[in-house]
Amino acid sequence: MQEPNPESKTIATAYGEKASYEYDKRRFSTPHGKLFNQLEMEQLSRVARDLAHPSRILEVGCGTGRFMRSLCSKGHKVYGLEPSVFMLDKAREKTLQFEYAYYVLGEGKALPFPNDAFDLVYSIRVINQVASLDYAFEMIKEMVRVCRSRGCILLEFCNSRGIRRRKYRGVRMSVGDLEALLNCDPSVCIESVTGILFLSQTVMNMVPVYGLSLFERVDRKLAGCLPQLCSRCYAVIRK
Ligand SMILES: C[S@@+](CC[C@H](N)C(=O)[O-])C[C@H]1O[C@@H](n2cnc3c(N)ncnc32)[C@H](O)[C@@H]1O
């Protein structure tokens with residue numbers, strides 16, 4: 001394995017080279033991983049379908065670019081920001097054929113963009129990875145700053161109020177935490193909160209493959225009725 005140069009991994013929470021190779025395969029190649037991927041894609045598509053073409057979009061913590069590819073294929077101009085050059089390289093490989101895919105080395109709490117630069121700013125599976133809840137709040141404020149007025153922010157987070165509160169070392173927050181943070185900013189409001197994996201990823205992973213479609217049906221029903229108790233929440237914030 002090549003020795004990472006000091007600038008390859010700008011912050012401690014950035015994924016390293018090994019993680020960049022394993023990321024897609026380990027998470028999304030099994031039937032369980034594919035279902036998870038599909039549930040996440042649906043959340044992003046729900047927001048993206050209302051966008052004008054082409055829109056300017058920023059993904060904070062784009063990882064290997066699985067969401068970027070989908071948005072680029074619809075003709076949008078998509079910026080992927082990452083603190084890991086290894087993950088950025090994977091994202092670049094995945095979106096090579098698209099003219100309007102851009103890659104930026106940086107971190108969530110200091111977005112290197114001017115105010116009001118994007119129509120949509122989103123982040124999925126990142127808030128739980130950052131250094132602390134305070135960091136997460138700084139990152140959310142940055143996402144709001146770079147989103148234009150009447151634009152939209154989609155924020156995924158691990159829910160501290162989920163029904164299954166197993167021990168978890170990553171950052172978790174609640175819809176209440178988000179409301180309290182955004183209440184200080186009159187320019188934004190939470191338009192909706194949806195959720196996935198009401199019964200949690202841990203429970204899903206225990207379900208045998210033949211039971212997955214039943215799990216999916218039950219879980220979707222529960223998530224639809226009680227989004228604020230899901231293990232993963234998606235808040236749509238309107239500016
Ligand atoms: C679990 S991956 C998610 C990647 C992508 N969003 C996805 O869902 O496939 C978390 C990503 O967040 C990046 N990351 C970690 N800390 C970050 C930070 N402070 N700001 C932005 N991205 C960060 C990691 O390098 C990693 O690529």
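In strand E5, Leu155 is the bridge partner of Ser123; strands here are DSSP runs of at least two residues, helices (H or I) are runs of at least four, and both are numbered from the N terminus. Strand E4 (residues 118-123) pairs with E5 in the parallel sense over 5 bridges, where pairing requires that DSSP finds at least two bridges between the strands. From E4 the chain crosses through helix H5 (residues 133-146) to E5, a right-handed β-α-β crossover (with the strands pointing away from the viewer, the path from the first strand over the helix to the second runs clockwise).

The model is predicted: local features need pLDDT of at least 70, side-chain atom pairs count only at pLDDT 80 or more, and totals for chains, interfaces and linings use all residues. Residues are numbered from 1 along each chain as its sequence is written.

Strand E5 also has an antiparallel partner, strand E7 (residues 232-238), joined to E5 by 7 bridges. Here Leu154 has Val236 as its bridge partner in E7.

How many of the 12 residues of E5 are buried? The strand, spanning residues 147-158, is mostly covered, with 9 buried (20 or more other C-beta atoms within 10 Å of the residue's own, C-beta atoms being placed from the backbone). Ile153 deserves a look of its own. Beyond its neighbours within four places in sequence, Ile153 is in contact with Val121, Tyr122, Met143, Val144, Cys147, Ile237 and Lys239 (C-beta atoms, placed from the backbone, within 7 Å).

Note on methods
Two residues are in contact if their C-beta atoms, placed from the backbone, lie within 7 Å.
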